[in-house]
Amino acid sequence: MKRWRGLKSLVVDAVEHGSRAVEKIQIETMKLPFALLEQVDPLKGPVQGVRVIHKTAVSGVHTMIRLVNSAASSALDVVIDVVEARKGEGAA
C-alpha cells in the first residue's frame, strides 16, 4: 500500500504543478497579442474585456482541475485506507 500511496502522491503533484504551469503559460502567451490589439484605439475597450474574460476562463478551468485533483486524492486516500483495513482483518 505504501507504493500505491507514493504513486497517488506523484500523480496528484504532477497534476497540481502541471496545471499551474500550463495556466501560467496560457495567460503569459496572450499578453503580447492583447497588448498589441489594445494599441488600436477602436479595439482597446473590447480587447480589455476579452483579456479579462480570457484570464478568468483560464484560471477557472485550472482551479477546477486542481479542485477535482484534490477531491480524487482524498477519495483515493479513503480507498487505500479501506483496503489496508481489510487486509488487516484478513490477517487476524
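1. Basis. Local features of this predicted model need pLDDT of at least 70, side-chain atom pairs count only at pLDDT 80 or more, and totals for chains, interfaces and linings use all residues. Residues are numbered from 1 along each chain as its sequence is written, and side-chain values use heavy atoms, with hydrogens and water left out.

2. Secondary structure and extent. The protein has two helices and zero strands (DSSP runs, H or I of at least four residues for helices and E of at least two for strands, numbered from the N terminus). Its radius of gyration is 21 Å, well over the 12 Å that the globule rule gives for 92 residues, so the protein is more spread out than a compact globule (taken over C-alpha atoms; the rule is 2.2 Å times the number of residues to the power 0.38). The C-alpha trace spans about 75 × 15 × 5 Å along its principal axes.

3. Contacts. Of the contacts with a separation of 6 or more, 73% are between residues 24 or more positions apart (contact means heavy atoms within 4.5 Å).

4. Burial and surface. Of the 92 residues, 15% count as buried (under 20% relative accessible area; exposed is over 50%, partly exposed in between; 1.4 Å probe, protein chains only). The accessible surface comes to about 6800 Å², with 69% belonging to carbon and sulfur atoms (Shrake-Rupley method, 1.4 Å probe).

5. Ala 75. This residue lies in helix α2 (residues 41-91). Ala 75 is partly exposed, at a relative accessible area of 42%. Ala 75 and Ile 53 are 22 residues apart in sequence and 32 Å apart in space, C-alpha to C-alpha.
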